[in-house]
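Here's a quick briefing to read with the model open beside you.

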Amino acid sequence: MILFDLDHFKLINDSYGHGTGDWALKKVVESIKPHIRNGDVFARIGGEEFAIFLPYANEAKGMEVAELCRTKIEAIDTHHSGHKFVITASFGASGMRQEDLSLDPLLHRADMALYAVKSSGRNSICCYSDILKSDKQATSLGNRLVSLP
């Protein structure tokens, strides 16, 4: 599973208007969609946040897909929007574990990896590892997200 969100997306909306923000969201989808395999699920999960479920892939393949998507997003030519700006995204990935009984732990781990990228500079990818458990901020954020109704 890959979670990603667009870096500083609010700044695009605030600087150029929501029409340009909508244009950017559409361009992100257009740039990634051709690289999603049949059987994978690509979804917008809110605002500028997206998820890609790769049910027949391992973590290495997930990282490969995340990096491909990151470079495709960064390469979007924004001058067609009527403005010149750069779109980047941060990616967190995680693979299923044998002890996972639902998607919740998978989502939680991918979210912790995403948070680690955002706190270390953005426009990058990170695959979850148990070392992120010791990051109090990532664990705190993850617990808050999992507990939402």
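Asp-40 is buried, with a relative accessible area of 13%, because anything under 20% counts as buried. Keep in mind that this is a predicted model. Asp-40 sits in the loop that links α2 (18-32) to β2 (41-46).

**Around Asp-40**
- The side chain of Asp-40 makes a polar contact of 2.9 Å with the side chain of Arg-37.
- Leaving aside residues up to four places away in sequence, Asp-40 touches Phe-53, Leu-54 and Pro-55.

**The sheet**
- Which order do the five strands take in the open sheet? They line up as β2-β3-β1-β4-β5, and the pairing is mixed.
- β2 and β5 are the edge strands, each with a single partner, so one side of each has no neighbour in the sheet.
- Going from one strand to the next, the twist averages 20°.
- β1 and β3 (residues 49-53) run antiparallel and are joined by four bridges.
- If you want to find that pairing on screen, look for Ile-2, whose bridge partner in β3 is Ile-52.
- Over on the helix side of things, α4 lies across β1, β4 (89-93) and β5, and α4 runs at about 140° to β4.

- Most residues other than glycine have a negative phi.
- His-8 isn't a glycine, yet its phi is positive, at about 55°.
- You'll find His-8 in the loop between β1 (2-6) and α1 (9-16).
- Arg-122 isn't a glycine either, and it has a positive phi of about 75°.
- Arg-122 belongs to the loop between α4 (104-119) and β5 (125-127).

**The whole chain**
- The protein chain has five helices and five strands.
- Read from the N terminus, the elements go β-α-α-β-β-α-β-α-β-α.
- The chain has 149 residues, and 40% of them count as buried.
- Take the contacts between residues at least 6 apart in sequence: 59% of these join residues at least 24 apart.
- The protein chain exposes about 8,400 Å², with carbon and sulfur atoms supplying 54% of that area.

How values were computed: Residues are numbered from 1 along each chain as its sequence is written. This is a predicted model: local features need pLDDT of at least 70, side-chain atom pairs count only at pLDDT 80 or more; totals for chains, interfaces and linings use all residues. Side-chain values use heavy atoms; hydrogens and water are left out. Helices (H or I, at least four residues) and strands (E, at least two) are DSSP runs, numbered from the N terminus. Buried means under 20% relative accessible area, exposed over 50%, partly exposed in between (1.4 Å probe, protein chains only). A polar contact is a pair of N or O atoms within 3.5 Å; within protein, one must be able to donate a hydrogen and the other to accept it, and residues adjacent in sequence count only if both atoms are side-chain atoms. Contact means heavy atoms within 4.5 Å. Two strands pair if DSSP finds at least two bridges between them. Axes are lines fitted to C-alpha atoms, for helices over the stretch in contact, and angles run from 0 to 180 degrees between N-to-C directions. Accessible areas come from the Shrake-Rupley method with a 1.4 Å probe; for residues, only the protein chains shown count as cover.
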